[in-house]
Amino acid sequence: MVLYDPTKIPGDVYDTHTHLNDDSMFHDVAAYIGRANEYRVMQMNVVGYDLQGNQRAIEIAEQNENVYAIVGWQPDSTNEFDDEKLDILKEQIKNPNVVGIGETGLDYHFEGFNKNKQIDSFEKHLQLAKDNNLPVTIHMRDAFEDVYSILKKFDIHEFIMHSFGGDQKQAQKLLELGGYISFSGMVTFKKANNIQEAAKIVPLNKMLVETDAPYLAPVPYRGKMNEPAYTRFVVDGLSEILNIKRDELAKITTKNAQTLWNTSK
Ligand SMILES: [Zn+2]
């Protein structure tokens, strides 16, 4: 792999959502972090999604500087989320390496999901975020109306819509609630017009970038396995769409993340 062109001295980038805790990456965490750093991706949030994912996220954050953990139960895993797991989550957020709650949310994409269970889990996560004053990372797929009304009901303002895949209208409504919009490699996809148009109305101080690795590798690595280093290419793609200098975008999105998760270096 070619290093990111060091002669251009790119500004530091923050991958706000990655899964080094996933089986495909967990065996080689140091290498992925090392390569990310070569690309000047200098900070990252490892995001949990189930019992093991959360434990691993914390472990990785404890062992690596400038890596932080976010813990929660993704919608797909909520069938296993019960009171006992909620108690574990409550203990985990006391760990100083944990900076946020997530990923939680609603995903109505695949048939056979348990809607009530997802909503119940989502609401418990929001309550936890509220009680502990932590930002909450939200996964939303084919479920905008429910996500929006629940956020409103719980009066949640400090949230991140991760790997945003919606349109301008949705972005606008989420921004009105006070949320941040995080863009992944999807924004670089050729046919992602909706997402690209949405990006244009997001104020720079509400914008974040992420990989969601190992999924959703950005152009020019679309279809390959993703990794935190590629946050670089999300910034490149997004800066073209927004017609601003990539270093400026890197700087702004990094600052946003540091402020939101209280992770200034
Ligand atoms: Zn994720």
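Predicted model: local features only at pLDDT ≥ 70, side-chain atom pairs only at ≥ 80, totals over all residues.
1. Four residues coordinate the zinc ion: His17 and His19, each through NE2, Glu103 through OE and Asp212 through OD, at 2.1 to 2.5 Å. Along the chain, these donors follow the spacing H-x1-H-x83-E-x108-D.

2. The angles subtended by the four donor atoms around the zinc ion run from 83 to 175 degrees, so the arrangement is irregular. For reference, the ideal angle for four tetrahedral donors is 109.5 degrees.

3. Are His19 and Asp212 buried or exposed? His19 has 3% relative accessibility and therefore counts as buried. Asp212 counts as buried too, because its relative accessibility is 9%.

4. Now to strand β1, residues 13–18. Six of its six residues are buried, so the strand is mostly covered. β1 runs parallel to β2 (residues 41–47), and four bridges join the two. In one of these strands, β2, Val46 is the bridge partner of Thr18.

5. Finally, please look at the largest pocket, which holds about 640 Å³ of space. Its lining comprises 26 residues, and Asp107, His139, Arg141, His162 and the zinc ligand Asp212 lie nearest its centre. Strands β4 (98–107) and β5 (136–141) are the elements that give two or more residues to this lining, with β5 giving the most, three. By type, the lining divides into 11 nonpolar, eight polar and seven charged residues.

Methods:
Residues numbered from 1 in each chain as written. Heavy atoms only, no water. Buried < 20%, exposed > 50% of the residue type's maximum accessible area, 1.4 Å probe, protein only. Pairing = 2+ DSSP bridges. Donors = N, O, S within 2.8 Å, 3.2 Å for Na, K, Ca; no water. Tetrahedral: all angles 85-135°; square planar, octahedral: opposite > 155°, others 65-115°. 1 Å grid on protein atoms, 1.4 Å probe; cavity = no way out; pocket = protein on both sides within 12 Å on 5 of 7 lines; lining within 4 Å. Points joined across faces, edges and corners; volume = space filled by probe spheres on them. Nonpolar A, V, L, I, M, F, W, Y, C, P; charged D, E, K, R; others polar.
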